[in-house]
Amino acid sequence: MDMVKRLVAVVLVAVAVVVGLNLILTPVYHDGGPTYPVWQVINWFMAVAVPIALVVSVHRKRGLAGSGGDAITREYLSATAVLYGSIALVILFYWGWLWTFWPENETGLAAQSHINHFPWVDVLFTWVVGNTGFYLWSGAADR
């Protein structure tokens, strides 16, 4: 099982790095057209990584046993932040990504809002999925 967690960790970190780098490089290589072919491919990997991050973050948070009187630890804060970040990421990512399948449904400013929101999603994705990958790799998931 440890080998599977390490493999998932490597994939999650790799996808997070690709998303972060591609976000930075998109203005350099993009031709200004209405489609983003590189992102269309990357989005499929993101669509798989997002629910994995959510499941791991829920498992991580539930693994922190304690009552309401326990002290707040660094691990508690980290697990809580990643859990809420994962929930926000699921909502924001799938809202924007599913819209890309039917772009004719919105035009003008509504269409522009979807394009403007993707950089925020990509930053959140890089943080949440990268953190989840490092968490799985560190073996902390076994605790």
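Colleague: Which residues form the nonpolar patch on the surface?

Modeller: This is a predicted model, so every value here is computed. The nonpolar patch is formed by Val17, Leu21, Ile24, Leu25, Val28, Tyr29 and Val38, with about 660 Å² of accessible area together. Six of its residues come from helix H1 (residues 2-29), which gives the most.

Colleague: Why is Val28 called exposed?

Modeller: Val28 is placed in helix H1. Its relative accessibility is 69%, and exposed means over 50%. Val28 therefore counts as exposed.

Colleague: What makes Met3 exposed?

Modeller: The relative accessible area of Met3 is 70%. The cut-off for exposed is over 50%, so Met3 is exposed. Met3 is also found in helix H1.

Colleague: How many helices and strands does the chain have?

Modeller: There are four helices and zero strands. Read from the N terminus, the order is α-α-α-α. Of the contacts in the chain with a separation of 6 or more, 72% are accounted for by residues 24 or more positions apart.

Colleague: Which members of the largest nonpolar core touch the most other members?

Modeller: That core has 24 residues, and Val19, Met46, Leu89, Phe93, Phe125 and Val129 touch the most other members. At least two residues each are supplied by H1, helix H2 (37-62), helix H3 (74-99) and helix H4 (109-137). H2 has the largest share, with eight residues.

Colleague: Which residues does Val19 touch, leaving out those up to four places away in sequence?

Modeller: Val19 touches Trp39, Ile42, Met46, Asp122, Phe125 and Thr126.

Colleague: What share of the chain counts as buried?

Modeller: Of 143 residues, 35% count as buried. The chain exposes about 8,800 Å², and carbon and sulfur atoms supply 72% of that area.

Colleague: How many aromatic pairs does the structure hold, and what makes the pair of Trp44 and Trp97 edge-to-face?

Modeller: The structure holds six aromatic pairs. For Trp44 and Trp97 the distance is 4.9 Å centre to centre, with 90° between the planes. A pair needs centres within 6.5 Å, and edge-to-face needs planes over 60 degrees apart.

Colleague: Why is the pair of Phe93 and Trp97 called stacked?

Modeller: Phe93 and Trp97 are 5.7 Å apart centre to centre, with 15° between the planes. Planes under 30 degrees apart count as stacked, so the pair is stacked. Both residues lie in helix H3, four residues apart, about one turn of the helix. Trp44, Phe93, Tyr94, Trp97 and Phe101 form one aromatic cluster.

Colleague: How do you know that Trp97 is buried?

Modeller: Trp97 has 7% relative accessibility, and the limit for buried is under 20%. Trp97 therefore counts as buried. Phe93 is buried too.

Colleague: What makes Glu75 and Arg60 a salt bridge?

Modeller: The closest N and O atoms of Glu75 and Arg60 are 3.0 Å apart. A salt bridge needs a side-chain nitrogen of Lys or Arg within 4 Å of a carboxyl oxygen of Asp or Glu, so this pair is a salt bridge. The count by this rule comes to one. Glu75 in helix H3 and Arg60 in helix H2 are 15 residues apart, and the pair links distant parts of the chain.

Colleague: Why is Glu75 called partly exposed, and why is Arg60 called buried?

Modeller: Glu75 has 22% relative accessibility. Buried means under 20% and exposed over 50%, with partly exposed in between, so Glu75 counts as partly exposed. Arg60 has 7% relative accessibility and therefore counts as buried.

Note on methods:
Residues numbered from 1 in each chain as written. Predicted model: local features only at pLDDT ≥ 70, side-chain atom pairs only at ≥ 80, totals over all residues. Heavy atoms only, no water. Patch = residues over 30% accessible without salt bridge, like charges linked within 9 Å, V, L, I, M, F, W, Y side chains within 5 Å. Areas by Shrake-Rupley, 256 points an atom, 1.4 Å probe, with all protein chains shown as cover. Buried < 20%, exposed > 50% of the residue type's maximum accessible area, 1.4 Å probe, protein only. Core = buried A, V, L, I, M, F, W, Y, C linked by side-chain atoms within 4.5 Å. Contact = heavy atoms within 4.5 Å.
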